Amino acid sequence: MSSGSLASKYQEFVERPLNAIHLGRSAWPLLHRFTLGYPENPTDQNKQKALQFIQSFSKIYPCKVCASDFQIKIKDHPPKLDSRNDLVIWMCEQHNFVNQKLGKEPFRCNVRRIELIHGGSHRKSDSWNIQ
Ligand SMILES: Cc1cc2nc3c(=O)[nH]c(=O)nc-3n(C[C@H](O)[C@H](O)[C@H](O)COP(=O)(O)OP(=O)(O)OC[C@H]3O[C@@H](n4cnc5c(N)ncnc54)[C@H](O)[C@@H]3O)c2cc1C
C-alpha cells in the first residue's frame, strides 16, 4: 500500500496524532488488565516477569514526561507483587498519582470495582501459564 493510501485509510491519526491523553486512555486499561490477570499466588518467576514488564513499560512508554514520572514512582513505591490483590491495588494507586498530578478526583481503589471497570470477560486470565 502506498503512503498516500495509508494516510487516507488512517486519516484520523494523521489529523490527530496520539497525545498523552489518548495514549493514556489506551494504556491504563492494558495496565489494569495485566494486574487482574496476575496469579493469586504468584511464583518467584511470575514476580520477576511482572517486575520486568512494569520496569520495561516505564522505560519505553512513548510519552517522555509520563515515563520519567512513572519511573520515579516505581522507585519510591515498588510494585507489590505478593498477590493479585496487592498488584491490582498498587496499579490503582499508581493511576491515582497521575490523577492527582493532573488535578483529577482520586479513584476509590477496590479490587471488585476495578474488575468491573477493567476486567471485561477475562477477569481471571490464564496468560501467566503460557510459557
Ligand atoms: C503510566 C502513565 C503515566 C501518565 N502520565 C501522564 C502525565 O504525566 N501527564 C499527562 O497529561 N497524562 C499522563 N498520562 C495519561 C493520563 O493518566 C490519562 O490517561 C489521560 O489524561 C486521559 O484521562 P481520562 O480522564 O480519560 O481517564 P484515564 O485516567 O485514562 O482513566 C481511564 C478510566 O480508568 C478509570 N480509572 C480512573 N482512575 C483509576 C484508578 N486509579 N484505578 C483504576 N481505574 C481508574 C476510569 O474509569 C477512567 O475513565 C499517563 C498515563 C500513563 C499510563
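Mentor: A residue is called buried if 20 or more other C-beta atoms lie within 10 Å of its own, exposed if 12 or fewer do, and partly exposed in between, with the C-beta atoms placed from the backbone. What you have here is a predicted model, in which local features need pLDDT of at least 70 and side-chain atom pairs count only at pLDDT 80 or more, while totals for chains, interfaces and linings use all residues. Residues are numbered from 1 along each chain as its sequence is written.

Trainee: OK, so is Asp44 buried or exposed, and where is Asp44 placed?

Mentor: Asp44 belongs to helix H4, and it counts as exposed because it has 8 C-beta neighbours inside 10 Å. Asp82 lies 38 residues from Asp44 in sequence, with 9.3 Å from C-alpha to C-alpha.

Trainee: And what about Asn41, buried or exposed?

Mentor: Asn41, which sits in the loop between H3 and H4, is exposed because it has 8 other C-beta atoms within 10 Å. Its C-alpha atom is separated by 7.2 Å from that of Asp82, 41 residues apart along the chain.

Trainee: Stepping back, how many helices and strands does the chain have?

Mentor: There are seven helices and zero strands, where helices (H or I, at least four residues) and strands (E, at least two) are DSSP runs numbered from the N terminus. Buried residues account for 12% of the 131 residues in the chain.

Trainee: Which residues make up the largest nonpolar core?

Mentor: That core has 10 residues, namely Leu31, Leu36, Tyr38, Ala50, Ile54, Leu87, Val88, Met91, Cys92 and Ile114. A nonpolar core here means a set of buried Ala, Val, Leu, Ile, Met, Phe, Trp, Tyr and Cys residues joined through C-beta atoms within 7 Å. At least two residues of it come from each of helix H3 (20–36), helix H4 (44–60) and helix H6 (84–101), and H6 gives the most, with four residues.

Trainee: What is Met91 in contact with, beyond its neighbours within four places in sequence?

Mentor: Met91 is in contact with Leu31, His32 and Thr35 once those neighbours are left aside, a contact being two residues whose C-beta atoms, placed from the backbone, lie within 7 Å.

Trainee: Switching to packing, at what angle do H4 and H5 pack?

Mentor: H4 and helix H5 (residues 64–76) pack at about 150° with their axes 7 Å apart; the axes are lines fitted to C-alpha atoms, for helices over the stretch in contact, and angles run from 0 to 180 degrees between N-to-C directions. H4 is therefore roughly antiparallel to H5, since angles over 145 degrees count as roughly antiparallel, under 35 as roughly parallel, 65 to 115 as roughly perpendicular and the rest as oblique.

Trainee: Which residues of H4 and H5 meet there?

Mentor: Ile54, Gln55, Ser58 and Lys59 in H4 meet Ala67, Phe70, Gln71 and Ile74 in H5.

Trainee: Last topic, which residues come nearest to the ligand?

Mentor: Of the 21 residues around the ligand, the nearest are Gly24, Ala27, Cys66, His95 and Phe107, and a residue is near a molecule or strand if its C-beta atom, placed from the backbone, lies within 6 Å of it. H3 gives the most to this shell, with seven residues.
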